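Please open the model in your viewer and keep a selection tool at hand. This tour goes from stop to stop, saying what to select and what is there.

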Amino acid sequence: QVQLVESGGGLVQAGGSLRLSCAASGRTFSDYFMGWFRQAPGKEREFVAGINRSGGTTYYVDSVKGRFTIYRDNAKDTVYLQMNSLKPEDTAVYYCAASRYTMREPDFAYWGQGTQVTVSS
């Protein structure tokens, strides 16, 4: 089992920045692909960003490219999501997730409890 705990959410004005953190425990962190997902009220959950085991390859949904950066510190068992130039449409609950074998969403077996991000206009 992998336990994931997110932190860093909050209320920010449009154009502002937040950094989300996700601390992992339970298994060898560097064995897992990590991803950030979000779910806005009334909408389906969507993939936001992902990173491979070493941190050398990253993936982003088009709507956040150039604004968000995912990175990981395997020595600290933590993955981060730096969010800049935030927009009201980024408002959602953000979830951290871990996948043992691939970056495909169905393969993300472990999930955190989520952290709320609210961007005011």
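Begin by selecting Asp77, which is partly exposed, with a relative accessible area of 27%; here buried means under 20% relative accessible area, exposed over 50% and partly exposed in between, with a 1.4 Å probe and protein chains only. This is a predicted model, in which local features need pLDDT of at least 70 and side-chain atom pairs count only at pLDDT 80 or more, while totals for chains, interfaces and linings use all residues. Residues are numbered from 1 along each chain as its sequence is written, and side-chain values use heavy atoms, with hydrogens and water left out.

**Two loop residues**

Asp77 is found in the loop between strand 7 (68–73) and strand 8 (78–83), where strands (E, at least two residues) and helices (H or I, at least four) are DSSP runs numbered from the N terminus. Although Asp77 is not a glycine, it has a positive phi of about 55°. Most residues other than glycine have a negative phi. Next select Ser85, in the loop between strand 8 and strand 9, which is not a glycine either and has a positive phi of about 50°. Ser85 is partly exposed, with a relative accessible area of 40%.

**The whole protein**

Now zoom out and colour by secondary structure: the protein has zero helices and 11 strands. Its radius of gyration is 13 Å, close to the 14 Å that the globule rule gives for 121 residues, so the protein is as compact as a globular protein of that length; the radius is taken over C-alpha atoms, and the rule is 2.2 Å times the number of residues to the power 0.38. Along the principal axes, the C-alpha atoms fill a box of roughly 40 × 25 × 25 Å. Buried residues make up 41% of the 121 residues. Of the contacts with a separation of 6 or more, 56% are accounted for by residues 24 or more positions apart, a contact meaning heavy atoms within 4.5 Å.

Select strand 1 (residues 3–7), whose covered face holds Leu4 and Glu6 and whose uncovered face holds Gln3, Val5 and Ser7. In a regular strand the side chains alternate between the two faces of the sheet. Strand 1 pairs with strand 3 in the antiparallel sense over five bridges, and two strands count as paired if DSSP finds at least two bridges between them. Follow Glu6 across to its bridge partner in strand 3, which is Cys22.

Which residue is joined to Cys22 by a disulfide? Cys96 is, with an S to S distance of 2.1 Å, where a disulfide is a pair of cysteine sulfur atoms within 2.5 Å. The pair links distant parts of the chain, with Cys22 in strand 3 (residues 18–25) and Cys96 in strand 9 (residues 92–99), 74 residues apart. The torsion about the S-S bond is about -75°, so the disulfide is left-handed. Both Cys22 and Cys96 are buried.

**A glycine inside**

Not counting residues up to four places away in sequence, Gly35 touches Ala49, Gly50, Tyr95, Cys96, Ala97 and Phe108. Gly35 and Ala97 are 62 residues apart in sequence but 5.2 Å apart in space, C-alpha to C-alpha.

**Aromatic rings**

Show the side chains of Phe, Tyr and Trp: the structure holds five aromatic pairs. Rings, including the six-membered ring of Trp, pair if their centres lie within 6.5 Å, and planes under 30 degrees apart count as stacked, over 60 as edge-to-face and the rest as tilted. Tyr32 and Tyr110 have ring centres 6.2 Å apart and planes at 75°, so the pair is edge-to-face. Both Tyr32 and Tyr110 are buried. Select Phe37 and Phe108 next, with ring centres 5.2 Å apart and planes at 75°, so that pair is edge-to-face. Phe37 lies in strand 4 and Phe108 in strand 10, so the pair ties together parts that are 71 residues apart in sequence.

The charged end of Arg72 sits over the ring of Phe29, 4.4 Å from its centre.

Notes:
A charge sits over a ring if NZ of Lys or CZ of Arg is within 6 Å of the ring centre and within 35 degrees of the ring normal.
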